[in-house]
Amino acid sequence: MKRKLTTLKEAHEFVDKFEGSLGKGKGKKFYAYKVMMQKKWMKFQRDFENFRTACIPWEMKIKEIESHFGSSVASYFIFLRWMYGINMVLFGLTFGLVMVPEALMGKPYGSMPRKTVPKSEEATAMDFSILWDFGVSNCLSLYVVAICYFVHFMHFVLLDHCESMSTHILSWVTADPGQPGMCIFFVFKGFSQYSVLFYGYYNNQRAIGWLKFRMPLSYFMTGVGTIAYSFMVVIRTMANNANEEGGGDDTSFTFSWKMFTSWDYLIGNPETADNKFASITTSFKESIVEEQENRKEENIHLTRFLRVLANFLVLCCLGGSGYLIYFVVRRSQKFAQEGLDDYGWWERNEVNMVMSLLGMFCPMLFDVISALENYHPRIALQWQLGRIFALFLGNLYTFIIALLDEINLKLEEEAIVRINMTIWEASLYNGTVAENATAPPLEVDPAVVPRGPCWETMVGQEFVRLTVSDTVTTYITLLVGDFLRAVFVRFLNYCWCWDLEYGFPSYAEFDISGNVLGLIFNQGMIWMGAFYAPCLPAINVIRLHVSMYLQCWAVMCCNVPHARVFKASGSNNFYIAMLLVILFLSTLPAVYTIVSIPPSFDCGPFSGKHRMFDVIQETLDNDFPAWFGKVFGYASNPGLILSFILLMV
Amino acid sequence: MFLLVFCRLHSRYHELAPNLVPMDYTNDPDCKVPMQLIINMPELTENPFKERIVESFSEAGDGNLSFNDFVDMFSVLSEMAPRELKAIYAFKIYDFNTDNFICKSDLEQTLNKLTREELTPEEVNLVCEKVIEEADLDGDGKLAFADFENMISRAPDFLR
């Protein structure tokens, strides 16, 4: 009896609990309502996930590229998108904290000598011929680059993807990329030099506007902040990726799963189905390559010997090019000292030409040498990237040497201008006041005041010019090397003696290593120059935006997939590691110039100070209470800072 | 709630062949919609395995579905179906020669349908060999249902 009672009690409890689902009693409606709400909530969650995925910019484009070209090509675009995010933040910082306050609250154009185009330059400020001085050497080197590209021998691949090309060709046949590019160059001298875009415009007044915005402090802190933010983001991404990679690649049943579970049964759209078929095929090909690599039988000793030989050859190459660069730079310094008028075109542009030629031929050479090594394609790509990276460090070295030389020149000029200034001021007074009395401030047209050369603006201009010329070079090689070549192969194939699509030149493959390195070095330039030209992050954002669309189009339209499609490594840690090295290398020159070179006396937010970082000392003295200054003084004791740095490391 | 789904399914079934499918089932009529009409349904038309799917749900194996078969098919394909049931029907779908084993020729046909024959014969051969190597547990060179189920139950995304 007792047992029956306990069973009855349990049954009662069960019915009470699940009253609704049993379809009886008062709970039925509530249960039905609960089930309906759960379903709605699941649907809402799913829709929200879809929405979130749709919000990621360019996701569909990248997925399409991934399905046709494989994950390694797509990894370049994913990297590009990540860099775009970083640059947006940098742009936000510089625009919001530096350019906008000065534009809104600082003194307007024309009110001060540093903000006005001087009389001597007024005539040429809008002149198109300014471009020639800057443009000619770069344009001619561009031309040589274009020729070299055509001489570049590529692998022979089978054709594919021609149908979509005819529609694209019709729309691009009358494109003329040369003219607009030229106009851009002239902008960076002339009027925009005297605007918020460059360092020289900023006034050194301590606090501007009704908000008492500390302009010089903000400028300095923004510069430091952009570098700090970049470091943080890069290191954090590396750490995240390192965690993910611990999963390991050797899951069992790879092929079986690919075969039986890769088709998505919810697809109803023919275009989506096409993409899906392409991505399945590509994915199979990637796995097949992995399997073939695993199965390859190796003669260990021969392979090792060949690899050592290959590395030795590469080192010779790098050493040779390094010496050549050093030699050429020394010669150009000698020429500059003797005055450039005695020498012809080659001597004037020697450095640029040597750089371009090296940049064209050495990667090809590395490619040929790497055929000796017989690595898995992914590893071969990483070696190739590393070697070209070492080569481009030479480029960086010359650029920095050239820049430092120019800075020294400008500093000497500045000393002379200062002397002239005092003479000029004295001439203005012209005996109206006794020599030792203090003179009332003079009413002089700002354009007439003699100006010192502003080395910081010059540095900023150099970086902007480099970025723009680099961008234009990339786009022109893209259009000429990929697009025109595809047009040529496609249309002249009918009337040519040998089959253009199978033999030389055929369609191009997407050059992953070249593009990734271009992106990384470009970012290095931005980091170096952002302190002196606040407009640089803005230019870079525009450039990356345009690059994304242009390259997505070019890849789908003019490129064919690689013959051996390989899976990119699960994370992009390799690219990010290189980015970190470049970040570190590019902050060194900027920090060096901040710490050791005195700022110009008449331009920029730090003018008149002994060193740029004095602004921090000033802020501490004037703005913070006294005890804070003392605490900071103790804290900045070198011993403490050193141990702190060691701790962080 | 189930009645609503049922009615909707029947209206879809009726749409396929309005003159063939009766609205009234009280006399338990025996009518089947031919395969051609079913594989043109928008849910199935892009699927590379559509013929196999329809064949494996039809009683006679010829692809013509009665309404019962039709309901069976969509209930297995829906999200609510249990995993084991899906595995049973998946095995049937991939077994092209209906011998209750997935042998190498079945695998080759599956692969060619999946990649629309873009892989070379050597590559196809390699993949099929790898699949048998990975999943075949009893070593007879073909996959029985037990092998298939063992493999598919470990798959991370076996949900259609």
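Me: What makes Lys130(B) and Glu291(A) a salt bridge?

Reply: Bear in mind that this is a predicted model, where local features need pLDDT of at least 70, side-chain atom pairs count only at pLDDT 80 or more, and totals for chains, interfaces and linings use all residues. Side-chain values use heavy atoms, with hydrogens and water left out. The rule asks for a side-chain nitrogen of Lys or Arg within 4 Å of a carboxyl oxygen of Asp or Glu. The closest N and O atoms of Lys130(B) and Glu291(A) are 3.5 Å apart, so the pair passes.

Me: Where do the two partners sit, and are they buried or exposed?

Reply: The pair crosses between chains, from Glu291(A) in helix α11 (residues 270-295) of chain A to Lys130(B) in helix α7 of chain B. Helices here are DSSP runs of H or I with at least four residues, while strands are runs of E with at least two, numbered from the N terminus. Both Glu291(A) and Lys130(B) are buried, meaning under 20% relative accessible area, with exposed over 50% and partly exposed in between (1.4 Å probe, protein chains only).

Me: How many salt bridges cross between chain B and chain A?

Reply: The rule finds one across that interface, and over all chains the structure holds eight.

Me: Why is Lys43(A) called partly exposed?

Reply: Its relative accessibility is 49%, so Lys43(A) counts as partly exposed. Its salt-bridge partner is Asp47(A), with the closest N and O atoms 3.2 Å apart, and Asp47(A) is partly exposed too, at 39%. Both lie in helix α2 (residues 27-55) of chain A, four residues apart, about one turn of the helix.

Me: And Glu59(A) with Arg81(A): what does that pair tie together?

Reply: Their side chains meet at 2.9 Å, N to O. Glu59(A) is in helix α3 (residues 59-69) of chain A and Arg81(A) in helix α4 (residues 71-105) of chain A, so the pair ties together parts 22 residues apart in sequence. Glu59(A) has a relative accessible area of 16%, so it is buried, and Arg81(A), at 18%, counts as buried as well. Together with Lys63(A), Glu59(A) and Arg81(A) are linked in a network of salt bridges.

Me: Which residues have the most contacts inside the largest nonpolar core?

Reply: Met259(A), Phe260(A), Ile38(B), Phe70(B), Met73(B) and Phe148(B), in a core of 56 residues. Helix α7 of chain B (residues 121-135) gives this core its largest share, seven residues. A nonpolar core is a set of buried Ala, Val, Leu, Ile, Met, Phe, Trp, Tyr and Cys residues joined through side-chain atoms within 4.5 Å. Not counting residues up to four places away in sequence, Phe70(B) touches Leu9(B), Tyr13(B), Leu16(B), Met41(B) and Leu65(B).

Terms used:
Residues are numbered from 1 along each chain as its sequence is written. Chains are lettered from A and ligands numbered from 1 in the order in which they are written. Contact means heavy atoms within 4.5 Å.
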